[in-house]
Amino acid sequence: MLSALFHERLAAGDTVSSLNALELALQTPAYRDEALVWKGLLALRERKMSAAFLPLAIASERFPKRAELKALLGHCLSSI
């Protein structure tokens with residue numbers, strides 16, 4: 001639900017609403033882990049490598065089989 005709202009608002013260009021949905025997802029245990037991924041991706045999209053690192057690192061711990069998260073962490077480290 002929150003994930004769909006976040007993606008819909010982001011696709012529509014409504015940054016404020018999408019960030020509000022993301023913040024709510026970060027506070028909701030059932031959505032928190034995936035919200036960390038999206039928080040990191042949004043920071044990467046804005047070229048804020050240091051801001052992307054921590055959410056992606058936490059998400060990588062929570063999703064140990066997702067190799068793309070480790071690759072994104074490497075990208076962050078190589079760009080800082």
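**Close-up views of a predicted helical protein**

View 1. Ala12 counts as exposed because its relative accessibility is 54% (exposed means over 50% relative accessible area, buried under 20%, and partly exposed in between, with a 1.4 Å probe and protein chains only). Ala12 is placed in the loop between H1 and helix H2, which covers residues 15–26 (helices, H or I, have at least four residues, strands, E, at least two; both are DSSP runs numbered from the N terminus). Along the chain, Ala12 and Arg45 are 33 residues apart, and their C-alpha atoms are separated by 16 Å. The model is predicted: local features need pLDDT of at least 70, side-chain atom pairs count only at pLDDT 80 or more, and totals for chains, interfaces and linings use all residues. Residues are numbered from 1 along each chain as its sequence is written, and side-chain values use heavy atoms, with hydrogens and water left out.

**View 2. Confidence along the protein.** The average pLDDT of the protein is 91, and 99% of the residues score at least 70 (pLDDT is the predictor's confidence in each residue, from 0 to 100). Helix H1, residues 2–11, has the lowest confidence, with a mean of 83. The highest confidence belongs to helix H4, residues 49–62, at 96.

**View 3. The pair H1 and H2.** The axes of H1 and H2 come within 8 Å of each other and cross at roughly 160° (axes are lines fitted to C-alpha atoms, for helices over the stretch in contact, with angles from 0 to 180 degrees between N-to-C directions). H1 is therefore roughly antiparallel to H2 (over 145 degrees; under 35 is roughly parallel, 65 to 115 roughly perpendicular, and the rest oblique). The crossing of H1 and H2 is left-handed (the near helix is turned anticlockwise from the far one by less than a right angle; clockwise is right-handed). From H1, the residues Leu2, Leu5, Phe6, Arg9 and Leu10 meet Ser17, Ser18, Ala21, Leu22, Leu24 and Ala25 of H2 (contact means heavy atoms within 4.5 Å). Eight residues of this contact are nonpolar, two are polar and one is charged (Ala, Val, Leu, Ile, Met, Phe, Trp, Tyr, Cys and Pro are nonpolar, Asp, Glu, Lys and Arg charged, and the others, Gly among them, polar).

**View 4. The pair H4 and H5.** Helix H5 spans residues 67–79, and its axis comes within 9 Å of the axis of H4, crossing at roughly 150°. H4 and H5 are therefore roughly antiparallel to each other, and their crossing is left-handed. H4 contributes Met49, Ala52, Phe53, Leu56, Ala57, Ala59 and Ser60 to the contact, while H5 contributes Leu69, Lys70, Leu72, Leu73, His75, Cys76, Leu77 and Ser79. Of the residues in the contact of H4 with H5, 11 are nonpolar, three polar and one charged.

View 5. Ser60 is in helix H4 and, because its relative accessibility is 9%, counts as buried. Apart from neighbours within four places in sequence, Ser60 is in contact with Leu69, Lys70 and Leu73. Glu61 also lies in helix H4, but Glu61 counts as exposed, at 66% relative accessibility. The C-alpha atoms of Glu61 and Asp33 are separated by 9.6 Å, although these residues are 28 residues apart along the chain.

**View 6. Arg47 in a loop.** Arg47 is placed in the loop between helix H3, residues 29–45, and H4. Its relative accessible area is 68%, so Arg47 is exposed. Arg47 is not a glycine, yet it has a positive phi of about 60°.
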